[in-house]
Amino acid sequence: MTAPAATKAAAPALAAAPLMQLIYASRPFGFSGDMLDDILMTARHNNRRDGLTGALICRADLFLQMLEGPRDKVTATFGRILRDDRHLEVSLVWSGDAPARLFGHWDMLEDPARSWMWSREEVRAGAMLRASAAEAREVFDRVAGEVA
Ligand SMILES: Cc1cc2nc3c(=O)[nH]c(=O)nc-3n(C[C@H](O)[C@H](O)[C@H](O)COP(=O)(O)O)c2cc1C
């Protein structure tokens with residue numbers, strides 16, 4: 001039996017677990033500062049525990065979130081987020097493997113939606129439903145660039 005060799009391999013294998021990124025958009029339901037504080041407090045606590053990082057772009061009419069980390073943790077977290085009644089119309093914009101994290105130092109960065117994103121009128125007219133994966137990823141690239 002060569003159990004010690006298997007034990008030795010476990011830590012590096014975990015560290016190198018495939019990295020996944022996921023972006024979704026949704027519409028806040030009952031948006032308030034308290035609600036956002038509550039979401040962020042839970043998100044940061046759980047994400048630290050689960051090895052997830054990411055960013056939440058938030059405005060009264062829009063959530064756009066990137067989650068990144070080990071595939072099983074991202075999937076489980078998105079499953080909980082889908083069931084959360086503090087937002088509606090959750091739509092997956094993109095998910096896939098990633099070579100590296102964009103928000104490695106952030107349990108969950110909070111970013112107010114900027115003027116260079118979609119206007120309220122555009123969001124009302126369904127801009128998020130039409131946003132391409134490339135557009136959404138570009139938004140997060142810019143946010144990450146600003147906090148780097
Ligand atoms: C817009 C939005 C973003 C969220 N982001 C996260 C997140 O990044 N991580 C997380 O664990 N929960 C997040 N949540 C909260 C989950 O939906 C869920 O309430 C929480 O994970 C449950 O955690 P608990 O079982 O520890 O109470 C988010 C919820 C909303 C509405």
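**Overall fold**

The structure is a predicted model. The protein contains 6 helices and 5 strands. Read from the N terminus, these elements follow the order α-β-α-β-β-α-β-β-α-α-α. The protein has 148 residues, of which 28% are buried.

Strands in a sheet are paired through backbone hydrogen bonds, and the pairing may be parallel or antiparallel.

In this protein, 5 strands make an open sheet with mixed pairing, and their order across the sheet is β4-β1-β3-β2-β5. At the edges are β4 (87–97) and β5 (109–112), each of which pairs on one side only. From one strand to the next, the twist averages 15°.

**The nonpolar core**

In soluble globular proteins, nonpolar side chains tend to be buried together. The largest nonpolar core of this protein has 32 residues. Those with the most contacts inside this core are Ile23, Ala25, Ala55, Leu64, Ala136 and Phe140. The elements that each give two or more residues to the core are β1, α2, β2, β3 and α6.

Leaving out residues up to four places away in sequence, isoleucine 23 touches Met66, Val93, Trp94, Ala136, Arg137 and Phe140. Two of these partners, Ala136 and Phe140, are also listed among the core residues with the most contacts.

**The shell around the ligand**

The ligand is surrounded by 16 residues, and the closest are Ala43, Asn46, Arg80, Ile81 and Asp84. Two or more residues come from each of α2 (33–50), β3 (62–70) and α3 (71–82). The most come from α2, which gives 5 residues. Sorted by class, the shell has 7 nonpolar, 6 polar and 3 charged residues.

**Two loop residues**

Which loop holds alanine 131? Alanine 131 lies between α5 (127–130) and α6 (133–147). Aspartate 85 lies in the loop between α3 and β4.

Is alanine 131 buried or exposed? Alanine 131 counts as buried because 22 C-beta neighbours lie inside 10 Å, and the cut-off for a buried residue is 20 or more. Aspartate 85 is exposed because its count within 10 Å is 7 other C-beta atoms, and the cut-off for an exposed residue is 12 or fewer.

Not counting residues up to four places away in sequence, alanine 131 touches Ala25, Val93 and Ala136. Of these, Ala25 and Ala136 are listed among the core residues with the most contacts.

| Residue pair | Separation in sequence | C-alpha to C-alpha distance |
|---|---|---|
| Alanine 131 and valine 93 | 38 residues | 7.6 Å |
| Aspartate 85 and proline 28 | 57 residues | 8.9 Å |

Conventions: Residues are numbered from 1 along each chain as its sequence is written. This is a predicted model: local features need pLDDT of at least 70, side-chain atom pairs count only at pLDDT 80 or more; totals for chains, interfaces and linings use all residues. Helices (H or I, at least four residues) and strands (E, at least two) are DSSP runs, numbered from the N terminus. A residue is near a molecule or strand if its C-beta atom, placed from the backbone, lies within 6 Å of it. Ala, Val, Leu, Ile, Met, Phe, Trp, Tyr, Cys and Pro count as nonpolar, Asp, Glu, Lys and Arg as charged, and the others, Gly among them, as polar. Two residues are in contact if their C-beta atoms, placed from the backbone, lie within 7 Å. Two strands pair if DSSP finds at least two bridges between them. Axes are lines fitted to C-alpha atoms, for helices over the stretch in contact, and angles run from 0 to 180 degrees between N-to-C directions. A nonpolar core is a set of buried Ala, Val, Leu, Ile, Met, Phe, Trp, Tyr and Cys residues joined through C-beta atoms within 7 Å.
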